2 protein chains.
Amino acid sequence: MADYKAPLRDIRFVRDEIFDFNTLYTKINGGEDATPDMVDAILDEIGRFAEQEIAPTNVTGDREGCKLGEDGVIAPSGFKEVYQKFVEGGWPSLSADPEFGGQGLPVSLGMTVSEIVGQANWSWGMYPGLSHGAKHLLEAHGSTEQKDTFLPRMVSGEWTGTMCLTEPHCGSDLGLLRTKAEANADGSYSITGTKIFISAGDHDMADNIIHLVLARVPGSPAGTKGISIFVVPKNNLDDSGNVAERNAVSCGALEHKMGIHGNATCVMNFDGAKGFLIGEQNKGLSYMFTMMNSARIGTAFQGLAHSELAIQHATEYARDRLQMRSLSGKKNPDGPADPIIVHPDVRRMLLTIKSLTEGMRMMGYHMAYNADIVSDGKDEEERKVADDLLSILTPIGKAFMTEVGCEAASLGVQVFGGHGYTAEWPAEQNMRDCRISTIYEGTTGIQGLDLLGRKVLGSGGELLKPLTKEIYVFAKENLENETIGGYSVKLQELTKEWGELTMHIGMLAMENPEEVGAASVDYLMYAGYVCMAYYWAQMAKTAAEKLAAGTSETAFYEAKLHTAKFYFARILPRTITLAATMKAPLDTLMDMAEEQFVIS
Amino acid sequence: MADYKAPLRDIRFVRDEIFDFNTLYTKINGGEDATPDMVDAILDEIGRFAEQEIAPTNVTGDREGCKLGEDGVIAPSGFKEVYQKFVEGGWPSLSADPEFGGQGLPVSLGMTVSEIVGQANWSWGMYPGLSHGAKHLLEAHGSTEQKDTFLPRMVSGEWTGTMCLTEPHCGSDLGLLRTKAEANADGSYSITGTKIFISAGDHDMADNIIHLVLARVPGSPAGTKGISIFVVPKNNLDDSGNVAERNAVSCGALEHKMGIHGNATCVMNFDGAKGFLIGEQNKGLSYMFTMMNSARIGTAFQGLAHSELAIQHATEYARDRLQMRSLSGKKNPDGPADPIIVHPDVRRMLLTIKSLTEGMRMMGYHMAYNADIVSDGKDEEERKVADDLLSILTPIGKAFMTEVGCEAASLGVQVFGGHGYTAEWPAEQNMRDCRISTIYEGTTGIQGLDLLGRKVLGSGGELLKPLTKEIYVFAKENLENETIGGYSVKLQELTKEWGELTMHIGMLAMENPEEVGAASVDYLMYAGYVCMAYYWAQMAKTAAEKLAAGTSETAFYEAKLHTAKFYFARILPRTITLAATMKAPLDTLMDMAEEQFVIS
């Protein structure tokens, strides 16, 4: 099986031909350095690095896993060496603030780098990936001293960072957390407690690990209002800010899990570890959300990652594997059988993966585009609109992309038949690695509540408008378009129906708030499929224009047209069922008594 | 987490209160021994055996896996001991022919035993399970001498059996197989070749393993018409039929795979192994299909098995795990949070698993009921109708039950949140174990072609009629029923639509046979959901009658009514999308050139 190939052509299509990031970069703060030539060179170089350096560690990292030694966690062979090269290449600092040694390139360019890195080896990519969230939080809420102390070496990648949120008895419900932070005389705090599921919580790839830890100062209010956040380095620092003796924080155990074996999922013990309060006491949860949103966008890209791998692997196999003859006559008459790609059902699976993959890429860059404006836009009104849009796209992207990513990864196994179930081929690892994505950084259920409850209904529908308006305007402008006129009619119908569904659930929710939870996941998935229809209409429009203008890349653009047609005919109709089930009466969920679920 | 609990109450509901197997047993050959008391005792005993003896090997078998030693494969600890007890208990011979030492009890009773055994540990259950197919084939097509030689000890369980079909270059397409069988002077054959994916292909649990091997006699026609089948024992037999020296057959390697680690998936090398032709030369493939149908029904029960485990695990977790408050007010005011089962979306997941599980059980016993009639019915016309029904239900059961079983197992992970991804809880193994079920014994795609192409359209729609008629008649008779009148209206609409869809695709297929492959999987899944609606209507009807008549089991029957309501409102609408996508134009699949699927 051929190795990972960075999908640079499709990334450039989305970046350059659809969203036109190069023009965006001329308009945002700090965008001037991201010239088209520079961007091109960065894409080529990260593609090469991912293919040649990172990807070879993907299978070996899965097989070998992480080990807990006397001095902490040892990452799989090669992880540390590749990470050193990654740091030497300056990749961690790409879109970081120049004040702390960053290169100040746009956020969206960092996301492209992350997309490619994550596809090459998701488990590896999480080590630098999780640092980003920690850096953002420190940047936004840390004191000047804290920033000066920690950020330069986190930005360079010399040190990595983690987010320590979950405890054994609380995941989604952080209000229950118990880790305590007691004030010391010197202004620092002693942190005591146990955190679980800490990704990249410990490893031997960097000289220090900067943990951001949610904890309670004794006497704080109960629940979510009494949570503060602390920076707790693995190794204490001396007066010059260099690594000194170990802090009282250690990995107590590694989780054994279905996949992402190359990433250390740690139980972290804080035994009176020395930490420093970030910002104000009891504001930990709101600070955390500044990090959480970017972590959710990052996880959305995981759905894309495994879907991209699935289409690369499955297509190659389906073209090679000879099995049975086409029902409409031999397609490979000189061979003993036809390649399985001739069979309609194999094509159905491949096109499902393909249409979801490329649709997800559009959704990812739709978020990235707005993230650029939010972060560096020059116009406040524009920033506000982008922020609203991003706040709606984030839960959709996180949950929808990971859900359909898991579907794609599972179909990727199916195309291989029995071989797909064995470790000899990459499909089974890909499916195992993907399965966590619908869970961490907020489950699909949590994203559904965030989207429908907190944001759409919580704003009286206002927050939804920029997105549905964008789709509606695009559709209206393209009703007469030869290629996508039909798609545009469909998009208008769907945006109308989307509004009606929102209204319908909103009315019910005024009577009973449980209606929100009952409809939320179906609502979110519905939103995802409608957005993806919008993306496919955009891609088809551009592809038709390129073909009409004349191009040497006929196959590439024709594939876009075929895939759009497939998506509208065979995937988008899922909205019909979702529109029905999200309106199903609440009592179909709530009438059953708890003890009736299992009677054996 | 509590251990596996055999779902005897629900099995008895389906067996006794819906299908009434006890009455059936009074009418079929050999059914007289299966008195209600006897059946009850068997259910209790296999439940106890599965819970106490088999289930404890499930997790340890996954962790330990199989090992390939000098003398062959060593099954995980405990597997052999439990198997010995299973044999001592007489379980392998339950529904086997008394002529060879079997107890001659009905086929359906053997399926109940298999259902429970498979839920306790699917990997373990495959060792005795695969013997059944080999026994059936020998019974149906072996010579008297072959039967006398092999069957008594296979029936007792002293020896196990395998089916050796797949080769590295051929799975679905057996016409390509290369293993050769050269005639010896003494009437035996020398078998040479490599078989892969041989489940239970080698192990240390029994004294001998009887392989049934597909191979070609030199000079036979190419393709599927030149395949013969041979019986090849692992150990040769002496003149008295006892185990003598090793035959030239050995396990060359074990597959490393996503799940079912406790079952040995073997590469089997035949190096001039001594074998004996079964029946006539070149009829191997048709003989194999007598075994394949029962293997497919067996695999259908795998979907049920993992779904049953998912609902048992997930319900217990959802009732214990405290996380967040109900949106409609505290449900557990004295605790720090409410159990997650109060949240509508958690209920949506649990009810999805529950409705699929119990619906699958109905489908399983619908097959079992007809299998009894086919095997032991006294009336030829009845046998013919049952055979037609079973021939349609088998591909639906195999593919639909395993597809929704995988969905259920994955939702089982999701209910646990991050914990579900770790090996500390049983959900992740359950999902890994389930994933093979949509692949082996004919993939979902193969079942789709078998159902729609070979059977439904191949018979001009005739083979479908017994099933749709059964559903239609039930619906018509219950249009006025207070509980299921509405469901019956829906069932009538669906059987009508099903017919129209069949006609629609049939017409298109006359123009282009590829239309069959394009629609087949959506068609099969549509059929599955309609059948399941029929089953839920039946269950609701019976539950309402029991409640009206007065019962001490109010909770059990009320749960059936609630779950039926859930199914019709939130699962059945999936048919709407499927009806749309199966009619999508063929060109949405076929227009794309092979080289356009991946352009990176």
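Visitor: Is B:Ile260 buried or exposed?
Guide: In this predicted model, B:Ile260 sits in the loop between β10 (249-254) and β11 (265-277) of chain B. The cut-off for burial is under 20% relative accessible area. B:Ile260 has a relative accessibility of 2%, so this residue counts as buried.

Visitor: What is the phi of B:Ile260?
Guide: Happy to look at the backbone too! Most residues other than glycine have a negative phi. B:Ile260 is not a glycine, yet its phi is positive, with a value near 35°.

Visitor: Which strand holds B:Phe197, a residue with a positive phi?
Guide: B:Phe197 is not a glycine either, and its phi is about 60°. The strand that holds B:Phe197 spans residues 189-199 of chain B, and its name is β5.

Visitor: Is B:Lys455 buried or exposed?
Guide: B:Lys455 belongs to helix α13 (residues 444-457) of chain B. Leaving aside neighbours within four places in sequence, B:Lys455 is in contact with B:Ser391, B:Ile392, B:Pro395, B:Asp450 and B:Leu463. Its relative accessibility is 6%, and because burial means under 20%, B:Lys455 counts as buried.

Visitor: Where is the kink in helix α13 of chain A centred?
Guide: Good one to check on the screen. Helix α13 of chain A covers residues 444-457, and its kink is about 30°. The kink is centred on A:Asp450.

Visitor: Which residues of chain B are in contact with A:Arg348?
Guide: A:Arg348 lies in helix α10 (residues 344-376) of chain A, and with a relative accessible area of 15% this arginine is buried. Leaving aside neighbours within four places in sequence, its contacts include A:Phe566 from chain A. From chain B, the partners are B:Val521 and B:Leu589.

Visitor: Are α14(A) and α15(A) roughly parallel or roughly antiparallel?
Guide: Helix α14 (residues 465-477) and helix α15 (residues 485-511) of chain A have axes 8 Å apart, at an angle of about 150°. Angles over 145 degrees count as roughly antiparallel. The two helices, α14(A) and α15(A), are therefore roughly antiparallel.

Visitor: How many nonpolar residues does the contact of α14(A) with α15(A) have?
Guide: On the α14(A) side the contact includes A:Leu467, A:Ile471 and A:Phe474, and on the α15(A) side it includes A:Leu491 and A:Trp498. By class, there are 4 polar and 1 charged residues, and the nonpolar ones number 7.

Visitor: Is the crossing of α1(A) and α6(A) left-handed or right-handed?
Guide: The axes of α1 (residues 8-19) and α6 (residues 107-120) of chain A come within 12 Å and cross at roughly 155°. That makes α1(A) roughly antiparallel to α6(A). In α1(A), A:Leu8, A:Ile11 and A:Arg15 meet residues of α6(A) that include A:Leu109 and A:Glu115. The crossing of α1(A) and α6(A) is right-handed.

Definitions and conventions
Residues are numbered from 1 along each chain as its sequence is written. Chains are lettered from A and ligands numbered from 1 in the order in which they are written. This is a predicted model: local features need pLDDT of at least 70, side-chain atom pairs count only at pLDDT 80 or more; totals for chains, interfaces and linings use all residues. Side-chain values use heavy atoms; hydrogens and water are left out. Axes are lines fitted to C-alpha atoms, for helices over the stretch in contact, and angles run from 0 to 180 degrees between N-to-C directions. Helices (H or I, at least four residues) and strands (E, at least two) are DSSP runs, numbered from the N terminus. Angles under 35 degrees count as roughly parallel, over 145 as roughly antiparallel, 65 to 115 as roughly perpendicular and the rest as oblique. Contact means heavy atoms within 4.5 Å. Ala, Val, Leu, Ile, Met, Phe, Trp, Tyr, Cys and Pro count as nonpolar, Asp, Glu, Lys and Arg as charged, and the others, Gly among them, as polar. The bend at a residue is the angle between axes fitted to the seven residues ending there and the seven starting there. Buried means under 20% relative accessible area, exposed over 50%, partly exposed in between (1.4 Å probe, protein chains only). A crossing is left-handed if the near helix is turned anticlockwise from the far one by less than a right angle, and right-handed if clockwise.
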